[in-house]
Amino acid sequence: MRPPSAEMATSHTCDFIVVGAGSAGCVLANRLSSNGKFNVLVLEAGPHDRKFWIQVPIGYGKTFYDRKVNWAYLTEPEAGLNNRVSYWPRGKITGGSSSINAMVYIRGQKEDYNAWRDMGNPDWGWNDVLPYFKKAETNSRGGDAYRGDSGPLYVNDASEHYHALCKTFIAAANEYGLPCNPDFNGASQEGAGLYQITTKDGLRMSASRAYLRPAAKRKNCMVETGAHVTRILFENNRAIGVEYVKKGRFVRALAYREVILSGGAINSPQLLQLSGIGPEKLLREHGIPVLCGNDAVGQNLQDHLAYTHYYRSKVPTLNNQLAPWWGKLWAGMQYLLFRQGPLSLSVNQAGGFFRSSPGRTSPNLQIYFAALTYVTSPPGERPLMRPDPYPAFQNAFSQCRPTSKGHLQIRSNDPFTHPRIQPNYLSTEQDIQEMVEGFEFLRSLSQTRALSGILDEEMTPGPAVHSATEIIEDIRNRSETVYHPTSTCRMGPDPQSFVVDSSLKVHGANGLRVVDASVFPVIVSGNTNAPVIMVAEKASDLILQDTQETSHRAGRRIDTAAIPTHKSA
Ligand SMILES: Cc1cc2nc3c(=O)[nH]c(=O)nc-3n(C[C@H](O)[C@H](O)[C@H](O)COP(=O)(O)OP(=O)(O)OC[C@H]3O[C@@H](n4cnc5c(N)ncnc54)[C@H](O)[C@@H]3O)c2cc1C
C-alpha cells in the first residue's frame with residue numbers, strides 16, 4: 001500500500017469525527033447530528049449492514065466466523081485455559097458488535113454503576129445512568145420507573161415464542177430456591193426468567209437500525225464505510241483529525257471540535273497506542289513517537305467467561321425442529337412468511353442471576369439456558385441452524401464480576417496487524433472459586449425434579465468429572481468467552497492509572513474522547529450492549545454541553561501544513 005504523504009488528500013472537514021459505527025458510534029452519530037448544528041463524520045472499517053444474515057436474528061450463527069463482517073481476533077494462549085487460544089468475534093460492520101451479537105438485553109446491577117462512581121467518576125452512579133438507559137429504550141411492555149417507552153432502541157419481550165423447555169428450566173430454578181423474576185432490568189436482577197431481546201418485527205434491532213440509519217438521512221451526518229482509521233492526527237497535543245485507508249489509499253479527515261474513538265475495547269486502545277498515547281516503553285519499541293505516556297492504555301482488560309453443561313433430553317428440543325431438512329424448511333418458511341419462529345429469536349431464551357454462596361450481597365453468576373446444542377459441529381463452525389441430530393439442551397453460567405484482568409498491546413506500528421490480546425482468564429483464586437460454585441449449581445439444577453424428569457444423560461462433562469481437581473480441570477479445558485471485553489481505556493481521575501476522565505476525555509490530550517466498552521471502569525454484571533449504548537447516550541449529552549461552552553472554537557482554522565506526516569514502517 002502507498003505510504004501516506006504530505007500531499008495526502010483531505011476528504012472531509014467537519015465538527016466531529018466518530019471512529020467506528022458500533023454500538024456506541026451509532027448513538028453518537030445520531031445524537032450529535034440531531035440538532036442540525038454540527039457536521040458529523042462517522043468512519044467505519046467494515047461494510048454497510050444491509051445484509052440478510054445480519055438482519056435475521058439467528059444470523060449471528062452465520063456471521064460468527066465471517067471475516068467480511070468480523071474482526072475475528074485470537075487471544076494469546078491462556079495459562080488459565082490450559083494454554084488454549086480463545087476466539088474473539090467483534091463486529092466489523094455498521095452496528096459493530098450489535099450487528100452480530102446474541103441480542104440479550106441486560107443492563108447490569110445498580111451496584112455496578114455505584115462502583116463506577118466510587119472509583120472517582122461522579123455522575124456515573126445508578127441514579128445518574130438510569131435516565132440514559134430509559135432514554136435509549138422503547139420497551140415492548142411499555143415504560144415504568146425503570147423502563148423506557150420512547151427511545152430508538154426497541155427491546156422486545158418475545159417470550160410467547162420461546163421454546164416450551166424454558167418453563168421447565170424456570171421450574172427447576174424455582175425448585176432450587178431461585179424466585180421467578182419477570183424483569184431482570186427492573187427493581188432487582190436476582191432470580192430466574194426469560195430474557196428480553198433487541199429485535200423488532202422479527203428483525204435484529206442493532207445500534208445501526210436504531211440510531212445510525214435514521215441519522216444518516218440527515219445532511220449533516222456522513223457515514224463512510226470501508227474506512228479503516230490508522231492514526232489520530234494532532235496539532236501539539238490537540239486531536240485535529242484522523243488518517244484512514246479507503247480502497248487502498250490513505251486519506252485524511254479533519255475535525256474542528258473533537259475526534260471520538262468508538263472502535264470498541266480492542267481497537268480503541270490499539271488506535272491510541274498507534275497514535276502515540278500508551279505505555280512509553282511499548283511505543284518506543286515499535287518506533288512510535290510518544291505524544292503522551294500512559295501505561296493504562298490497553299490494561300485492565302476484563303471479559304465474561306462461560307462454562308457449559310450439555311444434556312441429552314427425553315423430550316423434543318430445538319434440535320428436533322432445526323436439525324432435519326424439513327425442520328429447516330419449516331423454520332425458513334415461518335420466518336419468510338411471518339417473521340416468526342426460531343430464526344426470529346436468540347437461542348439464549350431463559351436464564352437468570354443468582355448468588356453462588358451465602359453472604360454475597362448481590363448475584364454473582366449469570367445463567368444461560370438454551371433448548372439447543374451443537375457439540376457435534378466441526379471446529380471453526382457455529383451453525384445455530386445445524387444443531388445436533390438428537391434432542392438435547394444446554395445450561396451455562398458466567399461470573400457477573402470476574403476479578404481476573406488482562407491487557408492488550410500492539411505487535412507493531414502496522415495498524416492492520418491485530419494486537420496481542422492476553423485476557424488472563426481464571427488468574428485469581430476468587431474467579432476459580434466462583435466458577436466451581438457455578439459448576440455445583442448446574443449439577444444441583446440438573447437433579448431437581450423438573451429437570452431430572454426430562455434429562456436422559458449429562459453428555460458433557462459427564463459423571464466422570466466429579467472431584468474438585470477434575471472440575472477445575474474441566475473448567476479450564478472448556479470455558480469460553482461470552483464476547484464482553486471491556487475496560488481497556490477505563491474511566492477515572494488519576495492519569496497514571498486511567499485513560500479517560502469522567503467526561504470521557506483522554507488524559508493528556510485535547511479534543512479527543514473515547515466512548516465505547518473500553519471506558520467501563522470495571523465490567524458490569526451481565527451483557528454489555530445496553531451499558532455501551534447508555535454510555536454513548538450520556539457521552540452525547542456531555543459533548544453537546546461542552547459545545548455550548550466552547551462555541552467560539554467553531555470554525556477555527558486547522559493548520560494542515562503543521563500536521564506531521566506518518567513515518568511508515
Ligand atoms: C458474538 C457476540 C455475541 C454477543 N452477545 C451479546 C448479547 O447477547 N447481549 C449483549 O448485550 N451484548 C452482547 N455482545 C457484546 C456487545 O455486542 C458489545 O459489548 C457491544 O456491541 C460493544 O460495543 P462497542 O461500541 O464498544 O464496540 P463495537 O460494537 O464492537 O463497535 C466498534 C466498531 O468500530 C469499528 N472499528 C474498529 N476499529 C476501527 C478503525 N480503526 N477504523 C474504523 N472503524 C473501526 C468496528 O468495525 C466496529 O464497527 C456480544 C458480542 C459478540 C461479538
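This is a predicted model: local features need pLDDT of at least 70, side-chain atom pairs count only at pLDDT 80 or more; totals for chains, interfaces and linings use all residues.
Student: Which domains does the domain assignment of the chain give?

Tutor: Domain bounds come from an automatic or database domain assignment. Here domain 1 is made up of 1–125 + 214–301 + 409–417 + 486–557, and domain 2 of 159–195 + 305–399 + 427–478. Their centres, taken over C-alpha atoms, are separated by 33 Å.

Student: How is the size of an interface often given?

Tutor: The size is often given as the accessible area lost when the parts come together. Buried area is what two parts lose in this way, with a 1.4 Å probe and summed over both. Between domain 1 and domain 2 about 2300 Å² is buried, and carbon and sulfur atoms give 54% of that area. On the side of domain 1, the residues that lose the most area to domain 2 are Ile-58, Asn-82 and Gln-109, together 24% of what that side buries.

Student: How many residue pairs are in polar contact across the interface of domain 1 and domain 2?

Tutor: A polar contact is a pair of N or O atoms within 3.5 Å; within protein, one must be able to donate a hydrogen and the other to accept it, and residues adjacent in sequence count only if both atoms are side-chain atoms. By that rule 17 residue pairs, both at pLDDT 80 or more, are in polar contact across the interface of domain 1 and domain 2.

Student: Is Arg-513 buried or exposed?

Tutor: Buried means under 20% relative accessible area, exposed over 50%, and partly exposed in between (1.4 Å probe, protein chains only). Arg-513 has a relative accessible area of 1% and is therefore buried. The side chains of Arg-513 and Glu-258 are joined by a polar contact of 2.7 Å.

Student: Where does Gly-438 lie, and which residues does Gly-438 touch?

Tutor: Helices (H or I, at least four residues) and strands (E, at least two) are DSSP runs, numbered from the N terminus. Gly-438 lies in helix H12, residues 429–446, and is buried because its relative accessible area is 0%. Contact means heavy atoms within 4.5 Å; not counting residues up to four places away in sequence, Gly-438 touches Leu-365 and Phe-397.

Note on methods. Residues are numbered from 1 along each chain as its sequence is written. Side-chain values use heavy atoms; hydrogens and water are left out.
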